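Open the model in your viewer and keep the selection panel at hand. The tour below goes stop by stop, saying what to select and what is there.

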Amino acid sequence: MTRLHPQTLRIIALFVALLATILFFSTQIDNYLSSRMFTRITTSAAVILPIAVGQAIVVMTRNIDLSIGSTVGVVAYLTGEFLGGHPDLHPLAVAMIAMGIGGLMGAINGVLVAWGRVPSIIVTLGTLALYRSFLVQYSDAKTITTASLPQWLVDLPQANAFSLFGLDVRVTVVLALLSAVAMGLALTRLRAARRIYAVGSNPDAAVMAGINAGMVVFVAFVLSGAFAGLSGLIFLAKFGNITVVAGMGFELKSVAAVVVGGVSILGGSGSMIGVVIGCVLVDTIDNSLTRWELVSEFWRDALLGMLIMAAVTVDTVMSRSLGRLGGKGGA
Amino acid sequence: MSVLDLRHVSKSFAATAALKDMDLSIEPGEIHAIVGENGAGKSTLIKIMTGVHQPDQGQIFVAGVAVTIRSTQEAQSHGIAAIYQEPMVFPDLDVAENIFISNRAQGAFMNWKQIYAQAADLIAQLGVTLDVHRAASGLTLAEQQTVEIARALSLNVKVLIMDEPTASLSAHEVARLLSIARALKAKGVAVIYISHRLDEIFQVADRVTVIRDGQHISTKPIAQVTPDGMVKDMVGRAIDTFAVKSAANPHGDSVLRLEGLGRSGVFSGITFDLSAGEVLCFAGLVGARRTDVALALFGISPATEGRILIDGQAVTITSPQQAMSHKIAYVSEDRRKMGLALSLPIFANISLASLGKLLGAFGLIDRKAEAAMAEGYRKQLAIKSPHVGVEVGKLSGGNQQKVMLAKWLETKPRILIFDEPTRGVDVGAKAEVHNIIRALAQEGVAVLVISSDLPEVMALADRVLVMREGRQAGILDIAEATQEKVIRLAAGSAHGQVAA
């Protein structure tokens with residue numbers, strides 16, 4: 001089917017790249033292909049995947065959300081603090097609170113971008129700093145510790161959902177995957193979600209077609225914040241101790257996962273399968289570099305940066321050769 | 001009963017009255033042409049009908065009921081939709097999804113099977129063939145328009161406004177669009193057809209409304225209208241629709257000679273001689289690669305085969321700088337993208353390609369000389385603007401075209417290439433541009449004109465070079481050229497009948 005062709009190819013290429021990466025590191029690092037390494041990488045990816053899903057939605061609308069690293073930190077801290085006072089809350093309520101706080105922070109971005117007409121890169125760069133400063137000020141340098149968290153949350157990262165071929169799949173991993181699956185289904189099946197593609201593909205045409213483009217962009221940012229909230233909760237569970245630097249640098253990781261996963265930085269295209277594989281690929285490289293003796297782990301960020309540039313270059317070259325009509329509007 | 005009625009509608013922007021006491025009545029199943037010069041108020045009229053603007057005074061009635069239209073969505077819910085010169089499609093989505101993206105009647109979930117079936121049905125109703133699975137990014141402008149019309153049809157449109165729909169289309173695509181308009185009419189849809197191309201209006205319209213200076217001048221059945229009368233109503237005076245060229249043109253020596261010029265995979269085998277004072281028009285369908293020949297001559301995407309000779313000397317042109325050093329100028333089709341800096345004033349745009357001549361003390365730009373030079377062009381080309389400090393983005397299309405022309409004239413070119421010089425320009429300004437082109441030729445400039453507007457080609461050309469799918473299909477002397485011959489060459493024998 002012609003409609004899926006370039007995307008399908010892309011997913012296959014990504015999958016091959018992931019396998020090649022794993023194969024490469026298995027020759028470099030002792031005891032690499034172990035269930036411990038699987039758990040390490042998947043649980044690490046579980047923190048990033050929800051924010052990558054949110055980031056993908058925002059990028060599809062031709063915007064970017066750089067504030068999510070700070071959102072994760074704020075949500076993790078506030079939720080942790082709240083749980084200290086209300087340890088008996090139902091887990092579902094906790095999740096709602098975390099996503100609610102994140103959604104609210106995303107809504108601030110959304111209002112400014114969608115109706116304030118401020119470019120998203122400026123708005124979210126501003127809130128990236130603002131939210132972080134708020135966290136520093138609010139926390140007064142106090143740390144949330146495992147001692148103040150309810151036992152179920154402390155146990156959550158070790159909880160197994162199921163085992164497959166001797167590999168343990170953690171509950172947090174399932175949670176993260178669920179967010180991607182839900183969004184993936186929505187993007188292919190839900191009419192309202194299809195508008196995300198429309199707005200990113202041609203914002204002027206979207207308005208002409210009677211789509212409330214501002215609302216679509218606003219909702220994208222709210223979702224991005226809410227998914228960052230979910231990520232904040234998983235972060236809180238995974239690390240237990242939350243300081244003011246929680247979630248720092250996640251914006252880079254999420255953008256890397258999204259563009260490596262084949263979401264066009266120009267908006268309008270991309271799939272959740274791609275985002276999942278992109279996220280796993282980024283985290284595999286990230287975690288493997290920590291273990292690789294030949295390379296200093298300080299190269300991790302540099303490599304992420306290079307991955308982003310390579311992915312966007314491939315995207316640009318491909319779309320140019322496909323001869324899309326980008327930028328032909330406006331007359 | 002009228003499907004759409006505007007009564008005593010007025011609209012002002014700041015001090016400017018865009019529409020004054022406008023009346024317009026649209027009947028179901030009619031093709032109603034609206035004509036007027038640029039700035040006559042057509043755009044404002046469309047924006048009021050589609051809910052982009054609200055009238056200051058007056059009332060809009062849909063099927064006899066007074067309504068207020070506050071947004072595109074509300075206009076759609078009243079069955080009013082519009083398509084524009086530049087189609088508004090989503091390049092990343094396929095044809096079917098483009099059609100149904102904003103359709104609220106479809107429910108919350110995507111039923112892909114049903115969407116494809118319905119899309120195919122809508123396309124078929126328009127009497128065209130188009131694969132509904134294709135991505136919109138690969139479609140031609142004409143096909144994108146078809147998608148937009150199908151989208152409007154899916155929304156049960158009662159009034160479809162077509163704003164300059166054929167400005168970018170080739171002859172056989174125009175014919176197809178006109179037949180789509182007739183198909184819509186047969187389904188009872190009222191089509192409001194806005195075009196600068198009077199021949200199309202006479203082919204397709206049932207009634208014609210002329211507006212001028214924001215006012216309703218006349219509405220008549222097409223049978224009671226003549227082209228001259230219509231143009232007179234539009235401009236408020238009688239003008240020649242097309243410049244009459246001088247009987248004999250001085251044919252000097254060959255200034256430019258192309259021998260088998262080509263660019264691999266794009267075009268090939270372009271061979272002609274161009275003399276000083278001669279106008280050679282490039283005709284052909286959209287996609288015939290005419291612009292690519294111009295881009296090769298101007299060094300933007302250089303030729304890979306064949307030779308370019310200037311004054312009998314073979315030259316290589318691989319950059320616009322080289323082209324300009326050979327005194328070649330290129331007035332591009334896309335004013336916004338390649339021609340003008342819209343946020344800069346008129347004088348800065350005009351001086352842009354010849355700043356070297358305006359240097360004063362310390363190598364700084366001589367502001368006075370720059371302003372004087374620009375002022376000279378403002379008067380010579382009758383650029384409608386109070387002074388040369390006005391931002392180009394605020395000028396009308398025709399005046400932007402003149403600014404771009406002034407920019408290239410200042411480089412004192414010997415070979416001047418025009419790419420669609422009157423696209424989207426109104427009748428009055430069009431005649432002016434034609435006069436300027438003829439005057440330049442008289443002064444000895446060798447002129448190449450790429451145009452999809454056949455009457456324009458017939459009016460301007462000394463010779464017509466017809467291209468088809470990247471190849472030279474033939475050169476006709478104007479004495480032997482007819483529109484039918486040109487179309488037959490452009491379309492190839494298989495499609496010869498389509499547009500004739």
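Is B:A382 buried, partly exposed or exposed? Select B:A382 and count around it: 13 other C-beta atoms lie within 10 Å, so B:A382 is partly exposed. This is a predicted model, and that holds for every stop on the tour.

**Stop 1**

Most residues other than glycine have a negative phi.

A:N31 sits in the loop between α1 (5–28) and α2 (35–60) of chain A. Here 9 other C-beta atoms fall within 10 Å, so A:N31 is exposed.

**Stop 2: a helix pair in chain A**

Remain in chain A and select helix α3 (residues 68–85) together with helix α11 (residues 250–260). Their axes come within 7 Å and cross at roughly 125°. At that angle α3(A) and α11(A) are therefore oblique to each other. To see the contact, show A:I68, A:G69 and A:V72 on α3(A), which meet A:F250, A:E251 and A:S254 on α11(A). Sorted by class, this contact of α3(A) with α11(A) has three nonpolar, two polar and one charged residues.

**Stop 3: where the chains touch**

Select the residues of chain B that contact chain A. There are 25 of them in chain B, facing 28 residues of chain A. Which helix of chain B gives the most to this side? Helix α2 (residues 72–77) of chain B does, with three residues. The chain B side as a whole divides into nine nonpolar, nine polar and seven charged residues.

**Stop 4: the sheet of chain B**

Look for an open sheet of six strands in the order β6-β7-β8-β3-β9-β10, with mixed pairing. The edge strands are β6 (80–83) and β10 (215–221), each pairing on one side only. From one strand to the next the twist averages 20°.

Next, select strand β8 (residues 190–194) of chain B. Five of its five residues are buried, so β8(B) is largely enclosed by the rest of the structure. In a regular strand the side chains alternate between the two faces of the sheet. Turn the view to check both faces of β8(B): B:A190, B:I192 and B:I194 lie on one side, B:V191 and B:Y193 on the other, and all are buried.

- Strand β3 (residues 31–35) of chain B runs parallel to β8(B), and four bridges join the two. B:A33 stands opposite B:Y193 in β8(B).
- Strand β7 (residues 159–163) of chain B also pairs with β8(B) in the parallel sense, over five bridges. B:V159 has B:A190 as its bridge partner, and B:L160 has B:V191.

**Stop 5: the helices on the sheet**

Together β7(B), α6(B) and β8(B) make a right-handed β-α-β unit.

How do the two helices lie against each other? The axes of α5(B) and α6(B) come within 11 Å and cross at roughly 10°, which makes α5(B) roughly parallel to α6(B). Show B:A142, B:Q145, B:T146 and B:I149 of α5(B), which meet B:E173, B:R176, B:L177 and B:I180 of α6(B). By class, the contact has four nonpolar, two polar and two charged residues.

**Stop 6: B:E200**

Finish at B:E200, in helix α7 (residues 198–204) of chain B. B:E200 has 19 C-beta neighbours inside 10 Å and therefore counts as partly exposed; a residue is buried at 20 or more. Leaving aside neighbours within four places in sequence, B:E200 contacts B:T166, B:V174, B:L178 and B:S195. Finally, draw a line from B:E200 to B:I34: the two are 166 residues apart in sequence and 12 Å apart in space, C-alpha to C-alpha.

Conventions: Residues are numbered from 1 along each chain as its sequence is written. Chains are lettered from A and ligands numbered from 1 in the order in which they are written. This is a predicted model: local features need pLDDT of at least 70, side-chain atom pairs count only at pLDDT 80 or more; totals for chains, interfaces and linings use all residues. Two residues are in contact if their C-beta atoms, placed from the backbone, lie within 7 Å. Ala, Val, Leu, Ile, Met, Phe, Trp, Tyr, Cys and Pro count as nonpolar, Asp, Glu, Lys and Arg as charged, and the others, Gly among them, as polar. A residue is buried if 20 or more other C-beta atoms lie within 10 Å of its own, exposed if 12 or fewer, and partly exposed in between; C-beta atoms are placed from the backbone. Two strands pair if DSSP finds at least two bridges between them. A crossover is right-handed if, with the strands pointing away from the viewer, the path from the first strand over the helix to the second runs clockwise. Axes are lines fitted to C-alpha atoms, for helices over the stretch in contact, and angles run from 0 to 180 degrees between N-to-C directions. Angles under 35 degrees count as roughly parallel, over 145 as roughly antiparallel, 65 to 115 as roughly perpendicular and the rest as oblique.
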